[in-house]
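Please read the following note with the structure open beside it.

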Amino acid sequence: MKTLLFFLLATLPCYAGLGETEAQCITRYDAPVATLDDCGRAKTETFIKKGFYIMITFLDGTAVSVTYRHPWDITDVHTFSSLTQEEINDLLAANSDGKTWAEQPPSIPPVFPEIKTVWKRDGDGWANLWQDSHGSQLACSYNKLNREAIAIIAAAKAKKTTDGL
């Protein structure tokens, strides 16, 4: 049992992110390949590591949303392959913060047909497995903090648009 636990802990560092600082994510994934929506308190950075395209939204320097996918072609991030069940389980474990993810019943009708599975974590964590014609991706987030980051980014984009008029 200890061997299995050691193995699991040794394989998780590639995946961690949710709740980590920006500096920890840069140490884990190397420098971001792109920075999007840098709005002071909130920004989104993209990393590529071990075959994963990882998009992280930070609020006040802490990762509040992490999305993982496998690009078919690293130069075209719009086409990607599906995550395996083992990868999904590892990603959920890496983003559990010691808490339990519980699969939620599907909504009827589905809010977004592309969302195939939803998990809720003790506290305010959520994860969604998206599947469409391009493949699948897993998004993990701190729900309340992620909404705050999205609102900051949206307000900054709206201000930029109105200032440009």
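1. Contact here means heavy atoms within 4.5 Å. By that criterion, and leaving aside residues up to four places away in sequence, Leu138 touches Val66, Thr67, Tyr68, Leu83, Ile88, Leu91, Leu92, Trp119, Ala127, Asn128 and Leu129. The model is predicted: local features need pLDDT of at least 70 and side-chain atom pairs count only at pLDDT 80 or more, while totals for chains, interfaces and linings use all residues. Residues are numbered from 1 along each chain as its sequence is written, and side-chain values use heavy atoms, with hydrogens and water left out.

2. The next point concerns the nonpolar core. A nonpolar core is a set of buried Ala, Val, Leu, Ile, Met, Phe, Trp, Tyr and Cys residues joined through side-chain atoms within 4.5 Å. Buried means under 20% relative accessible area, exposed means over 50%, and partly exposed lies in between (1.4 Å probe, protein chains only). Which members of the largest nonpolar core touch the most other members? They are Ile54, Ile56, Leu92, Trp119 and Leu138, out of 28 residues in that core. At least two residues of this core come from each of α2, β2, β3, β4 (62-73), α3 (85-94), β8 (125-132), β9 and α4 (143-163). The element that gives the most is β3, with five residues. In these names, helices (H or I, at least four residues) and strands (E, at least two) are DSSP runs, numbered from the N terminus.

3. Two strands pair if DSSP finds at least two bridges between them. Strand β2 (residues 42-49) and β3 run antiparallel and are joined by eight bridges. Within this pairing, Lys43 stands opposite Phe58 in β3. The two strands form a hairpin with two residues between them, and Lys50 in the turn has a positive phi of about 45°.

4. Strands β6 and β7 pair in the antiparallel sense over three bridges, and Glu103 stands opposite Trp119 in β7. Trp119 is also among the core residues that touch the most other members. Ser107 lies in the loop between β6 (101-103) and β7 (115-121), and it is partly exposed, since its relative accessibility is 37%. Ten residues along the chain separate Ser107 from Thr117, and their C-alpha atoms are 9.9 Å apart. Strand β7 is in turn joined to β8 by six bridges, again running antiparallel. Arg121 has Gly125 in β8 as its bridge partner. The hairpin of β7 and β8 has three residues between the strands, with Gly123 in the turn at a positive phi of about 95°.

5. Charged pairs come next. Side chains of opposite charge can pair when their charged atoms come close. A salt bridge is a side-chain nitrogen of Lys or Arg within 4 Å of a carboxyl oxygen of Asp or Glu. How many salt bridges does a search of the whole structure find? There are six. One of them joins Arg28 to Glu20, with the closest N and O atoms 2.5 Å apart. Arg28 counts as partly exposed because its relative accessibility is 23%, whereas Glu20 is buried at 11%.

6. Glu22, Lys43 and Glu45 are linked in a network of salt bridges. The closest N and O atoms of Glu22 and Lys43 are 2.9 Å apart. This pair links distant parts of the chain: Glu22 is in helix α2 (residues 22-29) and Lys43 is in strand β2, 21 residues apart. For Lys43 and Glu45, the closest N and O atoms are 3.5 Å apart. Is Lys43 buried or exposed? Lys43 counts as buried, because its relative accessibility is 15%. Glu22 is buried with a relative accessible area of 18%, and Glu45 is buried with 3%.

7. Strand β9 (residues 135-142) contains Gln137, which counts as buried at 15% relative accessibility. The side chains of Gln137 and Arg69 are joined by a polar contact of 2.7 Å. A polar contact is a pair of N or O atoms within 3.5 Å; within protein, one must be able to donate a hydrogen and the other to accept it, and residues adjacent in sequence count only if both atoms are side-chain atoms.

8. Finally, a search of the whole structure finds zero disulfides, a disulfide being a pair of cysteine sulfur atoms within 2.5 Å. Cys39 is partly exposed at 22% relative accessibility, while Cys140 is buried with a relative accessible area of 0%.
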